[in-house]
Structure formats: structure tokens, C-alpha cells
Amino acid sequence: MLIGAVYAALFCAECASGGEQRLDGDGCALPELMASAQALQARAQASGFAWTTIQALLDEASEAITQGQQALACRHLTEAKIHAELALEQAEYARIHWRLLVPHIDEPWEEQKR
Amino acid sequence: MNDGIMRVMLVVGLWGFISEVSAGPGGDVETIRLYFQARFPEVPLEDYIQGVYALDERARAQWETIEAFPPYEFDIDNGRTLFETPFANGGGYADCFENGGIGIKQHYPVFDPVSGRVVTLPLAVNECRHRHGAAMLAYGSGDLVSIVAYMAYTSRGLATRVVVPGDPRALRAYEEGKRFFYARRGQLNMACATCHIANAGKRLHSDRLGPALGQTTHFPAYRDQWGGLGSLHRRYAGCNQQVRAQPFALQSDEYRHLEYFHTYMSNGLPLNGPALRR
């Protein structure tokens, strides 16, 4: 989460540079960012691999908007999007590679016991 | 080559040979037993029903002392009272189950060919209530868990006998449960198998991780952390939350299918629930 927060703070493309200065929201496009984050969360949930952090960040963003802290909301939403994208990547990885954690043996149980 | 080196090589080898061919339910049981036999050769198969206490002697001694006066005893008594109390329509739980509901938990979850669903015992109890016009009960804790605890108690000592029939819907449910068990999820990127297969017996903070084998035999469980009795699905949800994965609803398809696979892995092991766990 810390890495995500740092990433969001440094490279928040949708906030553009100097997100803190854009408290009026110009350039941050909060409604669009919220909609895209919510859409990604819906996809993550549908995949069955949603993280608890995503909804928490969306809730924090909503709270920040209520308090007029658009830049903070922008950071939370950007981080929520990153988490949702990672969850979707995780779902795809699991779809292909879930067997990697299955222990496998070549000999039957009775033979191994001998 | 000494035994220690051989053992390490065997365990490493078990993880090295990954096959694309599914072993099927029977092969899965054999594989998991062999895996734990290689990891913990000193632990007899039947001891896995004790969960983590099969692997931790000191914790086991403390646990056995507490089990002498089990904190879930009142729940069993309460469950029995609830089980034997007729519904408003005069019917009872015994009408809904084979053998009057006594000594049957070892067969659950069962695949119901009529509905095409996997039915767990708590779900069957609630559906029984629904058929008799009674309100459904919550799945995580409370009266329903007490009823299931009593039913589990009547199955103590009976070997787990979950069946996965040839019906493609049953096999699909089993496979989905298996995938769930082995799939990494949550922000911590951990699967059920990460803790309870690969790292079973190792410490995570102050706790030792229990082996997957035998885990289902002792539920419902009284957990110190809960301060009471709770269901297996409540534990699943808790595990998911611990790895920061969004949990599913108790008795959802996901958790019922997981329970189907998870319980099938313990086929042949006797039930010993309810039991005390940290």
C-alpha cells in the first residue's frame, strides 16, 4: 500500500503535476477518475479477486471529496485504480498458473511409504 | 546419504514436479497425504485432526489442558436443545436428515443431483428451517453454529466420507474449490495453500500455521480470537481478509466449493469437532 501511495503521489498522471495546487479540481477530472476507479473495482469484484484495499480507498476518496480535499481524493482514486488493476492481473495470473502451488508426486502413496 | 538430506530432497522434489495433468479427486487426496508424510514423517496421519497441535508439542500440552474443560460445551448443550425443539408446525430437524440428523456430518458437504449444488451442513439446516416455515439463521455464529456443533459432536470418531460423484457439475464444483485453494489472492498475494501447504508448521508472528490436512474435521471451532464458536466459512472469510482479499458471503458458491475440496482432502480422517483453536 505504501508503494502504491508513493507511486500515486509521484506519478499521478490524472492529477497532473502539482496535484496539491489543483484543489479546485481542474485537471484532476474527479468525476471521470471516480467513475473509472469504480468501473475497475466492479471488474475486480466480478473476477473474484478484489482486494479489500480498493473499496477502502474509494471510501476514503469519497470522504475527501466531501471535505473538499480534491487533491487527496485524486490520490486515493489513482491508488484505487492501481490496486484494482493489480487485482485483475492477479486474477489472470491465477487463471493460468494456479497449479504452481499444487504439490505433485509421481509415485503412488503406497509405493512412497515403502 | 543420510535420512535428513533424503527428506529435504523428497520435499523439494514434491514441489519440483509440476504436472499439467489433473490427478482427480482421489489422486489429490493421495498427493496431499504423501506431501505431509514427507514434510512431517514423525506425525501419524490420524493426528492431523488435531490441526496445528499435531505439529507443536508445547502448544499441544496447553491445548489439551484447556480441552479437559472445553469452553464449547455449553454450545453443544444449547445446540442439542435447539435441535430437539420442534418448529411451530410441529416438525423438527430430524425430519430433514437421514438417521434423524445424528451421526451424519461426516458426509457433508454433499452434492445434490437434483439442484446440481454442493450442500453444506449449515445450508441444509437452514433449508430445513425454511421448509418448516422457520426463519433462516445467520451462518457465522449463534444458534445455527450451535446446532451444527451438536450435529458434529454426534459424528465424533466417524471418518470423513465426502463423495464427488461422476456428475460433471460435482466435478466442476470440486475443481473450482481446488482452484480457489491454490490461487493467490489479496494484496498479500497469498493462497490458502501458501500458509496451509507450503508453510504449514512454520511460524507466522506468534502463531504456527496449521496443515490443510485435517483442518475440516474439527469445525465448528471455538476460537479464542472470536471468544466463541464459529463456522468454517467464517474462518475462510477471516483468512481472506487477513491477506486483504475481499471475502465472499458465507455459504456463497465460492466457499461451498472450497469446503467441498477442502473437506474431501481429509477423507478417511475421523471427525473431532467442535474443538478449541486459537
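Q: Over which residues of chain A does pLDDT stay under 50, and what contacts does the model have there?
A: The model is predicted, and pLDDT is the predictor's confidence in each residue, from 0 to 100. In chain A it stays under 50 over residues 1-26, for which the model has 33 contacts beyond four places in sequence; contact means heavy atoms within 4.5 Å. Where pLDDT is low, the predicted coordinates should not be read in detail.

Q: What is the average pLDDT of chain A, and what share of its residues scores at least 70?
A: The average is 79, and 68% of the residues score at least 70. In this predicted model, local features need pLDDT of at least 70 and side-chain atom pairs 80 or more, whereas totals for chains, interfaces and linings use all residues. Side-chain values use heavy atoms, without hydrogens and water, residues are numbered from 1 along each chain as its sequence is written, and chains are lettered from A and ligands numbered from 1 in the order in which they are written.

Q: What makes up the secondary structure of chain A?
A: Chain A has 5 helices and 0 strands, in the order α-α-α-α-α along the sequence. Helices (H or I, at least four residues) and strands (E, at least two) are DSSP runs, numbered from the N terminus. Among contacts in chain A with a separation of 6 or more, 72% are between residues 24 or more positions apart.

Q: Why is α2(B) called roughly parallel to α7(B)?
A: The axes of helix α2 (residues 24-39) and helix α7 (residues 168-182) of chain B cross at roughly 30 degrees and come within 11 Å. Axes are lines fitted to C-alpha atoms, for helices over the stretch in contact, and angles run from 0 to 180 degrees between N-to-C directions. Angles under 35 degrees count as roughly parallel, over 145 as roughly antiparallel, 65 to 115 as roughly perpendicular and the rest as oblique. The crossing angle therefore makes α2(B) roughly parallel to α7(B). B:Pro25, B:Asp28 and B:Ile32 of α2(B) make the contact with B:Leu171, B:Tyr174, B:Lys178 and B:Tyr182 of α7(B).

Q: What makes α9(B) roughly perpendicular to α10(B)?
A: Helix α9 (residues 232-242) of chain B packs with α10(B) at about 105 degrees, the axes being 11 Å apart. That angle makes α9(B) roughly perpendicular to α10(B). The residues of this contact comprise 5 nonpolar, 3 polar and 2 charged. Ala, Val, Leu, Ile, Met, Phe, Trp, Tyr, Cys and Pro count as nonpolar, Asp, Glu, Lys and Arg as charged, and the others, Gly among them, as polar.

Q: Why is the pair of B:Phe36 and B:Tyr48 called tilted?
A: Rings of Phe, Tyr and Trp (its six-membered ring) pair if their centres lie within 6.5 Å; planes under 30 degrees apart count as stacked, over 60 as edge-to-face and the rest as tilted. For B:Phe36 and B:Tyr48 the centres are 5.6 Å apart and the planes at 50 degrees, so the pair is tilted. B:Phe36 is buried at 0% relative accessibility, and B:Tyr48 is buried at 1%.

Q: How do you know that the pair of B:Phe180 and B:Tyr255 is edge-to-face?
A: The planes of B:Phe180 and B:Tyr255 are 70 degrees apart, with 6.0 Å centre to centre. B:Phe180 lies in helix α7 of chain B and B:Tyr255 in helix α10 (residues 253-264) of chain B, so the pair ties together parts 75 residues apart in sequence. B:Phe180 counts as buried at 6% relative accessibility, and B:Tyr255 counts as buried at 0%.

Q: Why is helix α6 of chain B described as largely enclosed?
A: In α6 (residues 143-153) of chain B, 9 of the 11 residues are buried, so the helix is largely enclosed by the rest of the structure. These buried residues pack against α4 (73-84), α5 (121-131) and β6 (228-230) of chain B.

Q: What makes B:Met136 partly exposed?
A: Its relative accessible area is 45%, so B:Met136 is partly exposed. B:Met136 is found in the loop between α5 and α6 of chain B.

Key: Buried < 20%, exposed > 50% of the residue type's maximum accessible area, 1.4 Å probe, protein only.
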